Amino acid sequence: MQPFDEIKQYSKTVCEQIRWKKAHSAIEEEIENHLCDQRDAYISQGEDEKTATQKAILQMGDAVSIGMELDRIYRPKPQWTMITLTAVIMLTGMLSNYFIDSLYSLARFSLAPYIIALTVFLVCYILDFSILGKYAKYCYFIILGVSVTGLLFGSPINGGIWFLAGRLSVRLSYLSLIFPLAYSLLIYALRYKRYKGIILCGIAYIPFAIILLLVSSFTGFALFTMSALVILYISIEKGWFGVDKKRGLLLVLIPALIAVIAAIIHITRNPHSLNRLSAAVNPYSARDGAGYIHCLVRDLLANCKFAGKGTIPVQYGSSVPINPALGTDYILTALTHNFGWVVFIGISAIILAFSIYGLYYVTKQKSVLGTIVSLSIMLTFVFQAIIYIINNLGYGMLSALSLPLISYGKSALIINSALIGLMLSVFRTGNVLKDNIKPPAKINSIFLFEDGKLIINLKG
């Protein structure tokens, strides 16, 4: 048996004791590298290759014993804390919607969306997320194609665009929940193209941004834009593009400037956006117009108790004319009015705990793919929650999109469940994933200058 074959056989014996097959490749590589280093050290001391290899293996120890020890270490990490927080948030959403529907129309409430969401969560949780890295570019273009199709065949309803197919109805503004993940996968695929990759990422931002503006979702546009810029910035800062960081970060200004210009044009050409901006700043000056809902929210919260049902503001008589609970945008306000600030604080604390734990585990990822996938999902979750909570305090310049797993909306519930399941899949198995090392190809120059001589390399 050749010396290196002995090393291969040793690493194979070790891995045969480890039940988690996904960890085998990483462990084999680590053991073989260690044995080769030790063998080379013995060779440098004058040993021949065969003897040096045998000594290195002997020093390493019994393969079966080492494999059994590594089997105790290398196991999937279920992330019970994050699973528990996810379950608490989803249960909170189910109970909240049941309570709201019981006040107005209990026939509206159904367990089916939660059953579907839980199923989708579990499927994504056990899914091998590394498959996304193999088809990163395809994911971007598939989602882009689906989005364009939805836009072409969508129907305008209540100021937004919906895709309707039989009993299926999807609000296209929820595409903004998927776009950050698709965009991050494209960044992962283009990270070896250096400056060209950064420029292509800036260009790839444009179609998604235009789609969100066309479906009349400025909130979705803002959420996607913030997520995209953060992901691209971190990718350059961590050196994934292999370029000078300062020059690379200057190129981030391209999508940033595009976003700012698009936002200004959208606001100036859209009276509704201007009214909403004005109403958020000073709602009482527009109490009968766009500022009505802001006034209502602030007045309700001003009459809330710490615990228990709040009183109805005197200016609204014996009942609130338009209860925030009737839509998906103000369920947190409605719960606070009916049960007190303790509910608002409790839900916010759960969301905050989930966000902190999630961002912490993002920083613990060892691979580019694991980091970029989990980061995109966590940013989507955090930005959704921040926009929603601010809006439910009556200060929202952006309309609420979704409070993940809590606010009413079947499509948002299922999409967020899928994203969170995929993120926890990263946390569960990402510690053994290693990125394929593929440095940018070196292009040989035709003209070389060495030792004072000009060399013309015709094969360059």
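Me: Which helix gives the largest share of the nonpolar patch?
Reply: Helix H8, residues 136-152, gives the largest share, with three residues; helices here are DSSP runs of H or I with at least four residues, strands are runs of E with at least two, and both are numbered from the N terminus. Before going further, please note that this is a predicted model, in which local features need pLDDT of at least 70 and side-chain atom pairs count only at pLDDT 80 or more, while totals for chains, interfaces and linings use all residues. Residues are numbered from 1 along each chain as its sequence is written, and side-chain values use heavy atoms, with hydrogens and water left out.

Me: And which residues form that nonpolar patch on the surface?
Reply: The patch is formed by Ile 131, Tyr 135, Tyr 138, Ile 142 and Val 146, which together have about 540 Å² of accessible area. Such areas come from the Shrake-Rupley method with a 1.4 Å probe, and for residues only the protein chains shown count as cover. A patch takes residues with over 30% relative accessible area and no salt bridge, joining nonpolar side chains (Val, Leu, Ile, Met, Phe, Trp, Tyr) within 5 Å and like charges within 9 Å.

Me: Where is Tyr 135 found?
Reply: Tyr 135 sits in the loop between helix H7 (131-134) and H8. Its relative accessible area is 44%, so Tyr 135 is partly exposed, where buried means under 20%, exposed means over 50% and partly exposed lies in between (1.4 Å probe, protein chains only).

Me: Changing topic, how many salt bridges does a search of the whole structure find?
Reply: The search finds six, counting a side-chain nitrogen of Lys or Arg within 4 Å of a carboxyl oxygen of Asp or Glu. One of them joins the side chains of Glu 32 and Lys 8, at 3.4 Å from N to O. That pair links distant parts of the chain, since Glu 32 is in helix H2 (residues 24-44) and Lys 8 is in helix H1 (residues 3-16), 24 residues apart.

Me: Is Glu 32 buried or exposed?
Reply: Glu 32 counts as buried, because its relative accessibility is 11%, whereas Lys 8 is partly exposed at 37%.

Me: What about Glu 49 and Arg 39, how do their side chains meet?
Reply: They meet in a salt bridge of 4.0 Å, N to O. Glu 49 lies in helix H3 (residues 49-60) and Arg 39 in helix H2, so this pair ties together parts that are 10 residues apart in sequence. Glu 49 is partly exposed, with a relative accessible area of 40%, while Arg 39 counts as buried at 12%. Arg 39, Asp 40 and Glu 49 are also linked in a network of salt bridges.

Me: Which residue does Arg 72 form a salt bridge with?
Reply: Arg 72 pairs with Glu 69, and the closest N and O atoms are 2.8 Å apart. Both residues lie in helix H4 (residues 63-73), three residues apart, which is about one turn of the helix. Arg 72 is exposed at 53% relative accessible area, and Glu 69 is partly exposed at 42%.

Me: Let's move to Ser 417, where does it lie and what does it touch?
Reply: Ser 417 lies in helix H18 (residues 410-429) and is buried, with a relative accessible area of 1%. Leaving out residues up to four places away in sequence, Ser 417 touches Met 90, Ala 117, Phe 121 and Leu 405, a contact being heavy atoms within 4.5 Å. The C-alpha atoms of Ser 417 and Met 90 are separated by 8.9 Å, although the two residues are 327 apart along the chain.

Me: How many disulfides are there?
Reply: The structure holds zero disulfides, meaning pairs of cysteine sulfur atoms within 2.5 Å. Cys 201 counts as buried at 0% relative accessibility, and Cys 124 is buried at 15%.

Me: Last one, what pLDDT does the protein chain average?
Reply: The average is 84, and 86% of the residues score at least 70, on the predictor's confidence scale from 0 to 100 for each residue. Over residues 439-450, however, pLDDT stays under 50, and the model has 16 contacts beyond four places in sequence for them.
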